[in-house]
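The structure is shown first.

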Amino acid sequence: MEPSALDPLYLITDRNAPPSGDLPGALEAALTGGVRFVQFREKDLPYEERLRLGREVASRAAEHGARLLVNGDPVLADALGADGVHLGKGTVGVSAVRAGGYTGLIGYSAHSGEEAARASAEGADFVTLSPVFPTKSKFSSGPVLGLDAFGRERAIAGGPVYALGGVGAENASSCLERGAHGVALIGAILGAADPARAAREVRAALSI
């Protein structure tokens with residue numbers, strides 16, 4: 001897939017992020033604010049609960065014309081009518097999913113340029129590289145890269161890379177300056193008091 005087809009703002013769900021505890025409501029506000037690329041994560045939920053919540057997330061994404069990826073589960077992605085899957089360590093590999101005939105989008109969570117390059121070579125359409133900045137999120141653990149190291153690792157990765165980890169409106173443009181295709185984030189939008197406004201501010205920072 002051409003990088004230009006990937007929206008530079010990639011929102012990852014976390015039902016614990018919204019202060020209200022209402023993930024569908026916070027997501028709806030974020031979509032209203034301009035989010036058009038969403039990863040449904042929530043992989044710690046039992047399958048039936050994840051399916052139920054996933055259906056609500058998928059419905060809201062579809063209403064706004066947003067692309068939806070499902071973390072780690074191509075079968076659930078198909079069940080939800082999602083556009084693709086997002087993989088990483090501990091999930092089925094990119095090459096195995098492609099070998100199985102999967103034609104949807106594939107994202108991959110990487111923590112180094114070499115890991116990102118391998119995923120791209122196996123058929124991933126893009127990767128997230130994290131953590132760029134300090135973050136409280138358990139989803140982007142590991143040594144903090146910082147902008148300079150992110151830029152170096154991004155150059156090794158080769159394909160489209162989203163900066164993840166502690167990213168918000170205040171530093172999104174700096175990630176682009178280091179070669180990021182876009183930014184992936186959770187709390188800066190879903191954890192905001194006004195997710196719609198937060199989404200608009202991030203899009204403005206990305207000049208999109």
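Predicted model: local features only at pLDDT ≥ 70, side-chain atom pairs only at ≥ 80, totals over all residues.

Residues are numbered from 1 along each chain as its sequence is written, and side-chain values use heavy atoms, with hydrogens and water left out.

**Helix 1 and helix 9**
- Helix 1 (residues 23-32) and helix 9 (residues 195-205) have axes that come within 7 Å and cross at roughly 40 degrees.
- Helix 1 is therefore oblique to helix 9 (angles under 35 degrees count as roughly parallel, over 145 as roughly antiparallel, 65 to 115 as roughly perpendicular and the rest as oblique).
- In contact (heavy atoms within 4.5 Å), Ala26, Ala29 and Ala30 of helix 1 meet Pro195, Ala196 and Ala199 of helix 9.

**Burial in helix 9**
- Pro195, Ala196, Ala198, Ala199, Val202, Arg203 and Ala205 are the buried residues of helix 9 (buried means under 20% relative accessible area, with a 1.4 Å probe and protein chains only).
- Their cover includes strand 1 (9-12), helix 1, helix 7 (172-177), strand 8 (182-185) and helix 8 (187-190).

**Burial in helix 2**
- Among the buried residues of helix 2 are Arg50, Leu51 and Leu53.
- The buried residues of helix 2 are covered by elements including helix 1, strand 2 (37-40), strand 3 (67-71) and helix 3 (74-79).

Methods: Axes fitted to C-alpha atoms, helices over the stretch in contact; angles between N-to-C directions. Helix = DSSP H or I, 4+ residues; strand = E, 2+ residues; numbered from the N terminus. Buried < 20%, exposed > 50% of the residue type's maximum accessible area, 1.4 Å probe, protein only.
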